[in-house]
Amino acid sequence: IMDPIMKLAKSVQEGKEDVYLKLLEGIGIALTPEDKLLMGKELIRRCFQKWIMAADALLGMIVTHLPSPKTAQVYRCPYLYEGPQDDVCAKAIRECDPTGPLMIYISKMVPTSAKGRFYALGRVFSGTVMSGQKVRIMGPNYDPVTKNDLYVKSITRTVLMMGRTVEQMSAIPCGNTCGLIGVDQYLLKNGTISDHEEARTCRAMKDSVSPVGRVAVKPKNPADLPKLVEGLKRMSKSDPLVQVTTEETGEHIIAGCGELHVEICIHDLMEEYAKIEIEVSDPVVSQKETISAKTPEVCLAKSPNKHNRLFCTAEPMEDKLARDIEAGNLGPKDDAKTRVKKLV
């Protein structure tokens with residue numbers, strides 16, 4: 001497989017025009033007069049763009065190796081749906097049923113040309129979503145008992161998003177991704193949309209990285225502060241990995257998953273979201289440490305008045321405890337007696 005590829009690349013690099021033109025003719029590729037003026041890497045890139053398109057290769061790999069929604073949702077349903085696996089919504093997800101209850105997971109907010117508005121980009125797991133349809137919008141903190149983080153609203157429009165183009169659709173069946181207009185005011189970054197009264201939420205995606213690089217930003221012109229605040233809100237909503245906070249001192253902090261991610265966020269903030277000049281502080285990277293085994297020695301700490309002594313050892317948390325903390329089942333604001341029962 002690699003022999004003709006290497007032969008073509010080598011002949012172009014060495015400037016052997018008769019060799020690479022013969023090879024290209026053999027595989028049915030014709031260079032335009034403008035292409036023939038190119039040299040070196042530029043000519044190699046043009047040859048391979050005409051021969052082995054990266055977009056076609058990627059699409060072919062997706063079609064060949066990724067299962068269809070109808071096949072994948074059968075075994076993915078237990079991981080996707082947080083409700084009972086025997087209810088009508090879970091059954092519709094497993095069967096990828098276009099006539100079943102509507103179940104959509106919104107994973108990202110995409111800015112629109114209208115100021116402050118977003119397309120809610122998501123995947124339709126069951127049912128068919130239509131323009132004007134009345135739906136239940138469930139945020140990540142939705143509670144089926146208290147109905148917290150629940151909104152019942154109508155979808156203004158449904159669109160199909162293909163790269164940079166957006167095409168309006170009257171209805172989009174399950175198995176497709178879709179963009180929804182009119183629900184962005186009720187979701188921050190992700191959530192679940194359904195039309196069934198007893199539907200539960202889809203499990204939120206867990207990011208494998210956490211924001212570690214932090215910078216403080218402020219506008220060069222103090223009068224542009226409202227534009228900066230609005231731009232930060234839009235950026236926070238459209239990027240699932242970025243965290244935007246305001247310190248007690250009034251500083252606006254952007255936290256990203258590394259120096260490059262923070263640089264991209266700053267660029268997008270200036271060019272797309274806020275469209276103002278901003279000043280950026282030096283990046284601060286959070287350093288975190290842990291232990292891998294129980295400490296062999298007992299450590300001693302004394303209280304400020306020297307009347308009390310604390311003897312401590314440290315050991316790694318159990319995986320179950322870490323999962324409970326991440327899931328919000330255990331935290332510092334819990335009742336002390338309840339927390340002790342869970343920990344002991």
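Trainee: Why is T112 called buried?
Mentor: Buried means under 20% relative accessible area, with exposed over 50% and partly exposed in between (1.4 Å probe, protein chains only). T112 has 16%, so T112 counts as buried. This is a predicted model: local features need pLDDT of at least 70, side-chain atom pairs count only at pLDDT 80 or more, and totals for chains, interfaces and linings use all residues. Residues are numbered from 1 along each chain as its sequence is written, and side-chain values use heavy atoms, with hydrogens and water left out.

Trainee: Where is the place of T112?
Mentor: T112 is in the loop between strand 1 (103-111) and strand 2 (118-126). Helices (H or I, at least four residues) and strands (E, at least two) are DSSP runs, numbered from the N terminus.

Trainee: What is T112 in contact with, leaving aside its neighbours within four places in sequence?
Mentor: R117, F118, Y119 and R234. Contact means heavy atoms within 4.5 Å.

Trainee: What makes a residue part of a pocket lining?
Mentor: An atom within 4 Å of a pocket point. On a 1 Å grid over the protein atoms alone, a pocket is an open set with protein on both sides within 12 Å along at least five of seven lines. T112 lines the second largest pocket, as do P111, K115 and R234, among others.

Trainee: Which helix gives the most to that lining?
Mentor: Helix 8 (225-238), with five residues. Helix 9 (259-273) also supplies at least two.

Trainee: How many of the lining residues of the second largest pocket are charged?
Mentor: Six, beside four nonpolar and two polar. Asp, Glu, Lys and Arg count as charged; Ala, Val, Leu, Ile, Met, Phe, Trp, Tyr, Cys and Pro as nonpolar; the others, Gly among them, as polar.

Trainee: What is the volume of the largest pocket?
Mentor: About 1,000 Å³. The second largest pocket holds about 230 Å³. A volume is the space filled by probe spheres set on the grid points, which are joined across faces, edges and corners.

Trainee: Why do strand 5 (150-154) and strand 7 (165-169) stand at the edges?
Mentor: Two strands pair if DSSP finds at least two bridges between them. The eight strands form an open antiparallel sheet in the order 5-4-10-1-2-9-6-7. Strand 5 and strand 7 each have a single partner strand, so one side of each is left without a neighbour in the sheet.

Trainee: How many bridges join strand 6 (residues 157-162) to strand 7?
Mentor: Five, and the two strands run antiparallel. Against a cut-off of at least two bridges, they count as paired.

Terms used:
1 Å grid on protein atoms, 1.4 Å probe; cavity = no way out; pocket = protein on both sides within 12 Å on 5 of 7 lines; lining within 4 Å.
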